[in-house]
Amino acid sequence: MRAFRAGVWLELQIIRSSPDTLIPFFTAPLFTIIFLMIVRNGGRHDLQPDALMAPVLMTLWWFALFHGGNLVTGDRWQGVLEWILAAPSSLATVILGRIASIMTIGLVGFFEVWAVGRLMFGVSIPFEHPLALALTLLVTVFAMAGTAVAFAALFVLTRNSYTFANSSSFPFYVLGGVFVPIALLPGWIQPVTKGVFMSWSSDLLRSSLKPAPIDNEWGRLGMVLLLGTLSFLLGRIVLFYVLRRMRTTGELATA
Amino acid sequence: MSAVEVHEIRRVFTPRKREPVTALESVSLTIPIGEVHGLLGPNGAGKTTLVKILSTVLLPTGGSARVLGHDVVDEAAAVRPQIGIVFGGERGLYWRLTGRQNLEYWGALYKLSRSEIKHRSAQLIERVGLSERADERVETYSRGMKQRLHLARGLIGDAKVLFLDEPTTGMDPLAAREFRALIGELRGEGRTILLATHDMAEAEALCDRVTLIDRGVILATESPRTLGRVISRFQRIDVEGADDGLLARIAALPGVSSVAPADVGVRIEVAEEGVTSDVLKLLVDSGVTSVRTSLPSLEEVYVQLIGDRGLQV
C-alpha cells in the first residue's frame, strides 16, 4: 500500500510541477464544441448527451495512454528506472498508484465538459441514471488504468513511445465507440469491439443518460471491470517479463 | 557471513548485430561486514557492471553473488532493503521536483513511515549540505549538488551495504573532501561500502582494501599499502651526486630496469626483489649519500598492473 501511495504522491507532485501534463483539459472544451456543433447542425439534438460523453472519454483515454503509458519509458530516460527496481517496493504497484492519480485527476474533464455544454450551448448532461453513470465512470477509470499499465510495459520496448501512443489513440476511439456507437460501425468490425472495454463503457455511459431503463446494467458493468482487470493482469505480466528481459540485456538504463 | 560474496561472476553483453562483449570474466570477491572496499579500474573495466549485478538490476550470465547472505538473483527482494546505491552523474533524479521531494519519494519506496520519511530526509539534507536549496527544483542544482542528493538518496533506506559508483564525479575538491569524511562516518556506523572509482587518491584515503579490475578480470585484491608492496620490486631509488660511470655500473646490474634522469638527480628503478639492497650498497660504497628510496603509490601500482593505455578503453 505504501508503494501505491508513493506512486500517487509522486504523480501529484509531478503534475503540480509540470502543468503541461494537463493539456487535455484545454482540448476537452474544443472537442466538446466540435461534437456539439456536428450533432446540432445535423438536427440530432437527441444526440447532444452523446456528444458530451465523447470528450470525457477522450480526455480520460489521453491521460491513460499518453501520460500513464509513458511512465516507465520516462523513468527509463531519466535514469530513474534502475534505482526504482533496486528499491524494495514493487514497480508495478508504484506505477498503478501513479496512473490512478492521473486518472482521478482526469475525471475533472467530466465536470469541465459539463460546464462547457451548459455555459456555451445550454446543454446539460442528463443525469437519468446517476448511480449507473457514476459507477460506469469509476469502472472505466479503473479499466483505463489497467490498460495504461499494459501500455506502459509495452511502450518501454519501443524507441519512440509517443509515436505508438499517437497511433493507438484513434483506433481505440473507433473500436471503443467513443463518439460513433458500435452499432453504426461496419458489421465485420463489431465482434472485435467486444474485446475493447471502452466499447462497453461508452455504450453504458450513453444508456445511463437516457430515460429508458438500462438493459443488463450489471452485466455490462461487469464486462468493463473484467476487461479492465484482464488488461491490468496482462500489464503486470508483460511488465514482469519486459523488466526481466531488460535486466538480462542490460537495457534498463538508456546510457 | 560476509557482506558481499561474489563467486565466479560472468557477464556477457550481446549487442544487436555486434560481437558479444565480456564485461566480467569469472570474478570472485569477498567483502567482510564493515569494510570499505575499493573497486579500482579504468573506464570499461567492469566496475559498474559488478555494482549493477550486486544491486539486483542486472542479471549475471554465470556465477553467483550474495549480499548479506541473500542471492542477488533468486532473493533479490531480500537484498533490496539492505542496500543503498549511489551513482555518479546527473541522471537518476526527477528534475522538476525539489531535492526534498525526490528524497521523500525514495524514502517511501524504502517503505519508511511518513514521520520517518520527514525526519530522515531532513537529517540527510543537512548531512549532505543541501539545507539551503532543498526546496528548489533539482533542475536548478549544480552537478555537485545533484551528486550530494544522490548520496542522500543512497542513505535514505538506512542501508547496511552501500554501493557507490564514482560518487564524487562532478564534486568540487572541497565537497569531495567532505564526502570522504562522510564515508569515514558511515564506516564508523558499521556499514559496508563498495566504492567503485578510478580516483587513486580517493581509494587510497578511504579503503581498507582495494580490488584492481581491468577488462572484467580481477588483477589483485589487497590493502592499498600491501598492493604497493606487491610490486615493491618496482621500488624506486632517487639519487643525487652519482657520476656517469657509477650509474652505468648500476644500470648493468641484473634486476635494474631503468636508470633515468629525474626532476632532481637520477631515478633508478628495479624490477626484482632484493636488487634494491645491491644498488644501495654500491651507491654507499661509492660515497653517494644523497639517496632516497620510496614505495610506489597506489596510482603507480595501478599503472604498473593495468598498463598505461591513455584514453583507450
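In what sense do strand 1 and strand 4 of chain B pair, and over how many bridges? In this predicted model, strand 1 (residues 4-13) of chain B runs antiparallel to strand 4 (residues 62-67) of chain B, and the two are joined over 5 bridges. Within this pairing, Arg10(B) lies opposite Gly62(B) of strand 4.

Strand 4 of chain B also pairs in the antiparallel sense with strand 5 (residues 70-71) of chain B, here through 2 bridges, and Arg66(B) faces Asp71(B) of strand 5. These two strands make a hairpin with 2 residues between them, and in the turn Leu68(B) has a positive phi of about 50°.

Further along chain B, 4 strands make up an open sheet in the order 12-13-11-14, with antiparallel pairing. Its edges are strand 12 (256-261) and strand 14 (290-294) of chain B, each of which pairs on one side only, and neighbouring strands are turned against each other by 20° on average, direction ignored. Strand 11 (residues 236-240) of chain B is joined to strand 14 of chain B by 5 bridges, and Arg236(B) stands opposite Ser294(B) of strand 14. Helix 9 (residues 244-252) of chain B packs on this sheet, where it touches strand 12 and strand 13 (266-270) of chain B, and its direction makes about 155° with that of strand 12.

| Strand | Partner strand | Bridges |
|---|---|---|
| Strand 1 of chain B | Strand 4 of chain B | 5 bridges |
| Strand 4 of chain B | Strand 5 of chain B | 2 bridges |
| Strand 11 of chain B | Strand 14 of chain B | 5 bridges |

In chain A, helix 6 (residues 91-106) packs against helix 8 (residues 130-155) at an angle of about 135°, with their axes 9 Å apart. Helix 6 of chain A is therefore oblique to helix 8 of chain A, and the crossing of the two helices is right-handed. Helix 6 contributes Ile95(A), Leu96(A), Ile99(A) and Met103(A) to the contact, while helix 8 contributes Val141(A), Met144(A), Ala145(A), Ala148(A) and Val149(A). By class, the residues of this contact comprise 9 nonpolar, no polar and no charged.

Over all chains, a search of the whole structure finds 20 aromatic pairs. One of them joins Phe31(A) and Phe35(A), whose ring centres are 6.0 Å apart and whose planes lie at 20°, so the pair is stacked. Phe31(A) and Phe35(A) are 4 residues apart in helix 2 (residues 24-41) of chain A, which means that about one helical turn separates them.

Technical notes:
Residues are numbered from 1 along each chain as its sequence is written. Chains are lettered from A and ligands numbered from 1 in the order in which they are written. This is a predicted model: local features need pLDDT of at least 70, side-chain atom pairs count only at pLDDT 80 or more; totals for chains, interfaces and linings use all residues. Side-chain values use heavy atoms; hydrogens and water are left out. Two strands pair if DSSP finds at least two bridges between them. Axes are lines fitted to C-alpha atoms, for helices over the stretch in contact, and angles run from 0 to 180 degrees between N-to-C directions. Angles under 35 degrees count as roughly parallel, over 145 as roughly antiparallel, 65 to 115 as roughly perpendicular and the rest as oblique. A crossing is left-handed if the near helix is turned anticlockwise from the far one by less than a right angle, and right-handed if clockwise. Contact means heavy atoms within 4.5 Å. Ala, Val, Leu, Ile, Met, Phe, Trp, Tyr, Cys and Pro count as nonpolar, Asp, Glu, Lys and Arg as charged, and the others, Gly among them, as polar. Rings of Phe, Tyr and Trp (its six-membered ring) pair if their centres lie within 6.5 Å; planes under 30 degrees apart count as stacked, over 60 as edge-to-face and the rest as tilted.
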